[in-house]
Amino acid sequence: MSSTRNCIGALMTATLLVFVSAGKPASAITAELAKKCRGMAFKEHPPVRAGSKPGAAKAQQEYYRACVAKNGKMD
């Protein structure tokens, strides 16, 4: 029983160390940056009626991600 408890404790410690040393966590974006990039994405790729232009939503998402990655400094 004691060896099982030690094994579980060692496994939990190893798991914790893996999560801690996995790298730095992603930083959260600010609400201001999110609003700015959302507005820019809608301006660049305006919303359309469903089914009329395929790929518009995906283009908005890609633009938004690029905008956030560049900290709102798009061309």
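**Figure 1. Secondary structure of the chain.** The predicted model has three helices and zero strands, where helices (H or I, at least four residues) and strands (E, at least two) are DSSP runs numbered from the N terminus. Along the sequence the pattern reads α-α-α. Of the 75 residues of the chain, 12% count as buried; buried means under 20% relative accessible area, exposed means over 50%, and partly exposed lies in between, with a 1.4 Å probe and protein chains only. Among contacts between residues at least 6 apart in sequence, 48% join residues at least 24 apart, a contact being heavy atoms within 4.5 Å. Residues are numbered from 1 along each chain as its sequence is written, and side-chain values use heavy atoms, with hydrogens and water left out. Because this is a predicted model, local features need pLDDT of at least 70 and side-chain atom pairs count only at pLDDT 80 or more, while totals for chains, interfaces and linings use all residues.

**Figure 2. Crossing of helices α2 and α3.** The axes of α2 (residues 31–44) and α3 (residues 56–69) come within 9 Å and cross at roughly 140°. That angle makes α2 oblique to α3. Angles under 35 degrees count as roughly parallel, over 145 as roughly antiparallel, 65 to 115 as roughly perpendicular and the rest as oblique. Axes are lines fitted to C-alpha atoms, for helices over the stretch in contact, and angles run from 0 to 180 degrees between N-to-C directions. The crossing of α2 and α3 is right-handed; a crossing is right-handed if the near helix is turned clockwise from the far one by less than a right angle, and left-handed if anticlockwise. On the α2 side, the contact is made by Leu33, Ala34, Cys37, Arg38, Met40, Ala41, Phe42 and Glu44. Gln60, Tyr63, Tyr64, Cys67 and Val68 are the contributors from α3. These residues divide into 10 nonpolar, one polar and two charged. Ala, Val, Leu, Ile, Met, Phe, Trp, Tyr, Cys and Pro count as nonpolar, Asp, Glu, Lys and Arg as charged, and the others, Gly among them, as polar.

Figure 3. Glutamine 60 is found in helix α3 and counts as buried, at 14% relative accessibility. Not counting residues up to four places away in sequence, glutamine 60 touches Ala41, Phe42, His45, Pro46 and Pro47. Alanine 57 is also in helix α3 but is partly exposed, with a relative accessible area of 46%.

**Figure 4. Salt bridge between glutamate 62 and lysine 58.** The count comes to one salt bridge, defined as a side-chain nitrogen of Lys or Arg within 4 Å of a carboxyl oxygen of Asp or Glu. The closest N and O atoms of glutamate 62 and lysine 58 are 3.7 Å apart. The two residues are four apart in helix α3, so about one helical turn separates glutamate 62 from lysine 58. Glutamate 62 is partly exposed at 45% relative accessibility, whereas lysine 58 is exposed at 54%.

Figure 5. Isoleucine 29 lies in the loop between α1 (2–20) and α2 and is partly exposed, with a relative accessible area of 39%. Leaving aside neighbours within four places in sequence, isoleucine 29 is in contact with Ala34, Tyr64 and Val68. The C-alpha atoms of isoleucine 29 and asparagine 71 are 8.8 Å apart, although the residues are 42 apart along the chain. Asparagine 71 is in the segment after α3 and has a positive phi of about 60° although it is not a glycine.
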